[in-house]
Amino acid sequence: MYEHLETAANPENLKRIVIDPVTRVEGHGKVTLLLDEDNRVKQARLHIVEFRGFERFIQGRPYWELPIMVQRLCGICPVSHHLAAAKAVDQLVGVDQLTPTADKLRRLLHFGQMLQSHALHFFHLASPDLLFGFGSDLAKRNIVGVIQDYPDVGLKGVKLRKYGQEVIRMICGKRVHGTGAIAGGMNKALSAEERDYLLEGIAEAVQWSQEAVELAKRLHLADLEHNGQFAYIRSNFLSLIRADGAMDLYHGGLRARDDLGQDIFDHVDYRQYTDYLREEVRPWSYMKFPYIVSKGKENGWYRVGPLARVNNCDFIDTPLAEAARQDFMAHGAGGPVQGSLAFHWARMIEALHSAEGIQRYLLDPEILGTDLVVKGQKRYAGVGVIEAPRGTLFHHYQIDDQDLVVKANLIVSTTSNNQAMNESIRQVAATYLDGVEPTEGLLNHLEVAIRAYDPCLSCATHALGKMPLELEILDAEERVVSRLQRHA
């Protein structure tokens, strides 16, 4: 697509635009553009410049600490890391099948996580751009502006997220960084009172999720030509899939499809992921670049997350979400939907599926069971894979005879989307910034492209999306010739 914009031929003779930091990204990231004297874009890169090292400093820790420790990777999707680690730890204690109640409690917990995270991203972070326009008044382009101008939309988004958090709280004791999953099962049963409390709000949550799907659809179709082509790239897709081809956010085999929707591999045991996926390192970013082995480094990069999951699955096993999926896929012209902004529509379909799933489990008598833990024989390696809100998440651990971690490998969702996000910003840069004077509105176009992927975010950058931002244009001698600032 736009690989030619990854590395400029003569960077020393080009002007440099730096967006540092990119707002609403977990940790610190920046975008750099290299332009010639006519402002023609010659290079565009998304850099992840923070190194965290979780894979190293959990080494030497006892394996049973991992489901709690790894939650600290993120304040937005701690449940996803908690469950992925728990699935890996299950294998370390020799457990391949949980009790029915423990399995359903984990799935209920995961649906709560998906619902709150998707609601947060769509209503708090994405909807200001979609409702007001990418280049609209900066002072209004935030959740407060949404609540002022679209109070019904804004408040329902806040309440939908709150309901998902309440599901988490009932199971884990806290909305963020609680405890629930342990080796071989769960540490607490759900009481009838907790179940009844959640049942009081589930009908509204399902209704609001339906309305969110309709809103996302309406906004996307309002200008289909623009929204379909903005940050448009063609890619492979990767996700978990249930044995019967249904979307499964908690467990399944790996399915990869190419940009035409043809299988690359299907129903692969995720414990064998290293046979199918590799990670490439590039010198200008701390974030790796995964790719599918059989497709090679150049053609094997892929996308994960809502767009991948909705494209990859054969059906969704909740009726309202399945009807919404069929409507969505009708816009793919017989193949996968490729437009990056379609992530938002797919994300709300998953939110609806999550709300329906919560309702299903709350009405299941087994959810109140007390048989929660299974024991097995020790193993020395475990792989846990789950569909986090942002995409397929891998946790892989090895332990020694003292039950201490000796090796860990994590492939987080945003890492899998790394190349795709770079390709998307290059498309936007080539389309909107090539040969023109940059403005704050055009600057936001680059962020909109990144934001479509909902890359893992820190809690601090959620605050109304008003993190300070500075764009500098330098001449060939590194002298600042123009500066654009956004203040917090």
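## Report on a predicted protein chain

Residues 24 or more positions apart account for 70% of the contacts in the protein chain that have a separation of 6 or more. The model is a predicted one. Its protein chain contains 15 helices and 16 strands. The chain has 488 residues, and 61% of them count as buried.

**A pair of helices**

Two packed helices are described by the angle between their axes and the distance between the axes. Here, helix α4 covers residues 100-132 and helix α12 covers residues 342-362. They pack at an angle of about 150°, and their axes are 8 Å apart. Angles over 145 degrees count as roughly antiparallel, and therefore α4 is roughly antiparallel to α12. The crossing of these two helices, α4 and α12, is left-handed. Sorted by class, the contact of α4 with α12 has 15 nonpolar residues, 7 polar residues and 4 charged residues.

**A covered helix**

Helix α14 is made of 16 residues, 418-433. From its first C-alpha to its last, α14 reaches 21 Å, which is close to the 22 Å expected at 1.5 Å a residue. Helix α14 is mostly covered, with 13 of its 16 residues buried. Just after α14 comes Gly435, which takes a positive phi of about 80°.

**Two residues**

His220 lies in helix α7, which spans residues 192-222. Val406 lies in strand β14, which spans residues 405-411. The table lists how accessible each residue is.

| Residue | Relative accessible area | Class |
|---|---|---|
| His220 | 10% | buried |
| Val406 | 40% | partly exposed |

The cut-off for buried is under 20% relative accessible area. His220 has a value of 10%, so His220 is buried. Val406, at 40%, is partly exposed.

His220 touches Asn227, Gly228, Leu341, Ala342 and Trp345, with residues up to four places away not counted. One of these, Ala342, belongs to the range of helix α12, residues 342-362. With residues up to four places away again not counted, Val406 touches Gln59, Gln398, Ile399 and Asp400.

Terms used
Residues are numbered from 1 along each chain as its sequence is written. This is a predicted model: local features need pLDDT of at least 70, side-chain atom pairs count only at pLDDT 80 or more; totals for chains, interfaces and linings use all residues. Side-chain values use heavy atoms; hydrogens and water are left out. Axes are lines fitted to C-alpha atoms, for helices over the stretch in contact, and angles run from 0 to 180 degrees between N-to-C directions. Helices (H or I, at least four residues) and strands (E, at least two) are DSSP runs, numbered from the N terminus. Angles under 35 degrees count as roughly parallel, over 145 as roughly antiparallel, 65 to 115 as roughly perpendicular and the rest as oblique. A crossing is left-handed if the near helix is turned anticlockwise from the far one by less than a right angle, and right-handed if clockwise. Ala, Val, Leu, Ile, Met, Phe, Trp, Tyr, Cys and Pro count as nonpolar, Asp, Glu, Lys and Arg as charged, and the others, Gly among them, as polar. The expected span of a helix is 1.5 Å times one less than its number of residues. Buried means under 20% relative accessible area, exposed over 50%, partly exposed in between (1.4 Å probe, protein chains only). Contact means heavy atoms within 4.5 Å.
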